[in-house]
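Dear colleague,

I am passing on a structure for you to look at alongside your own notes. Below it I have set out what was found, in the hope that you will read it with the model open.

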Amino acid sequence: MRPEPVSPPPQESWPMFERISSRYDAVNRILSLGMDRSWRHRLAGKVTGLTSGRVLDVATGTGDILREIARHGAAPFKLYGLDRAESMLRLAREKFSCLSSRHVLFLKADAMHLPFPSDIFDAVTMGFGIRNMPDPSEVLREIVRVLQPGGRVFILEFSLPANKWIRLAALLYLRGVVPVVGGFFSGNIKAYRYLTRSVEHFPCGDDFCQWLRQSGFSDIRTEPILWGMSSIYSAQKPGTIQQDPACPAV
Ligand SMILES: C[S@@+](CC[C@H](N)C(=O)[O-])C[C@H]1O[C@@H](n2cnc3c(N)ncnc32)[C@H](O)[C@@H]1O
């Protein structure tokens with residue numbers, strides 16, 4: 001039942017997210033039985049343990065990763081969330097309405113052409129986003145470019161468990177439950193069939209680490225979550241980070 005590796009979506013996926021944005025968070029909670037929050041929380045803990053500077057969340061969607069980082073950190077973060085779907089960004093801005101734009105900024109842009117100068121972010125995060133990019137390699141190269149030397153990327157993504165019985169159970173859930181339940185609650189069964197297909201075909205574990213290496217990252221680490229149903233990958237842009245205590249806006 002092991003799928004063929006590496007098949008990114010041939011087309012842009014963001015218009016689909018425009019259509020399901022109003023139910024996106026609720027369906028995430030239902031399909032993950034509430035666990036998706038703790039996964040983002042875990043990723044946020046890694047970021048805040050490492051840096052207090054500028055953080056960019058690529059494909060931020062409704063901003064849940066940045067919200068976890070903001071909850072974790074008393075540090076003087078400057079947070080940037082980027083996505084192409086305006087309706088997802090609108091929900092993200094609502095969640096952060098109590099924070100000033102000096103602390104958090106959401107912008108509509110393409111992950112394959114990040115609208116930032118090189119070497120400015122201390123950390124870049126991406127949750128369930130890389131799988132949805134037409135050209136994930138280009139996105140990884142862009143992330144390397146905008147990170148400071150020594151800065152780290154943290155990527156949370158679905159993966160398939162290595163144990164064959166757990167993988168079988170995961171595939172049964174993905175194929176049997178996700179399209180039906182996701183389709184019912186979102187009103188868009190196509191979106192959740194796409195979710196199943198994309199998870200099955202996206203490289204995970206060592207295959208994805210190899211991709212990170214080829215994009216220019218070093219010190220690559222993987223942390224499987226829930227027997228490998230999801231994974232947090234982290235990797236460093238070679239070099240030494242320059243701390244910027246004032247952290248001015250870019
Ligand atoms: C599965 S959602 C993930 C949202 C969020 N990071 C989370 O943790 O729930 C994928 C997001 O990628 C965005 N997206 C897809 N293609 C994009 C692109 N080319 N540039 C920027 N964002 C994109 C979609 O609009 C969507 O919000």
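Cys 204 counts as buried, at 14% relative accessibility, where buried means under 20% relative accessible area, exposed over 50% and partly exposed in between, all with a 1.4 Å probe and protein chains only. Please keep in mind that this is a predicted model, in which local features need pLDDT of at least 70 and side-chain atom pairs count only at pLDDT 80 or more, while totals for chains, interfaces and linings use all residues. Residues are numbered from 1 along each chain as its sequence is written, and side-chain values use heavy atoms, with hydrogens and water left out.

If a disulfide is taken as a pair of cysteine sulfur atoms within 2.5 Å, the count comes to zero. Cys 204 is in no disulfide, its nearest cysteine sulfur being that of Cys 209, 9.7 Å away, and that distance is too far for a bond. Cys 209 is itself buried, with a relative accessible area of 6%.

Cys 209 belongs to helix H8 (residues 206–214), whose buried residues are Phe 208, Cys 209, Trp 211 and Leu 212; helices (H or I, at least four residues) and strands (E, at least two) are DSSP runs numbered from the N terminus. Seen down the axis of H8, these buried residues fall within an arc of 155 degrees, so they line one face of the helix, the arc being that of the directions from the helix axis to the C-beta atoms. They pack against helix H5 (136–146), E5, strand E6 (218–225) and strand E7 (230–236), with contact meaning heavy atoms within 4.5 Å. On the other side of H8, Asp 206 and Gln 214 are exposed.

Arg 152 lies in strand E5 (residues 147–158) and is buried, with a relative accessible area of 7%. Its side chain makes a polar contact with the side chain of Ser 234 at 3.0 Å, a polar contact being a pair of N or O atoms within 3.5 Å; within protein, one must be able to donate a hydrogen and the other to accept it, and residues adjacent in sequence count only if both atoms are side-chain atoms. Leaving aside residues up to four places away in sequence, Arg 152 touches several others, including Asp 122, Asp 219 and Arg 221.

Asn 163 is found in the loop between E5 and helix H6 (164–186) and counts as partly exposed, at 40% relative accessibility. The side chain of Asn 163 reaches the backbone nitrogen of Ile 166 at 3.0 Å.
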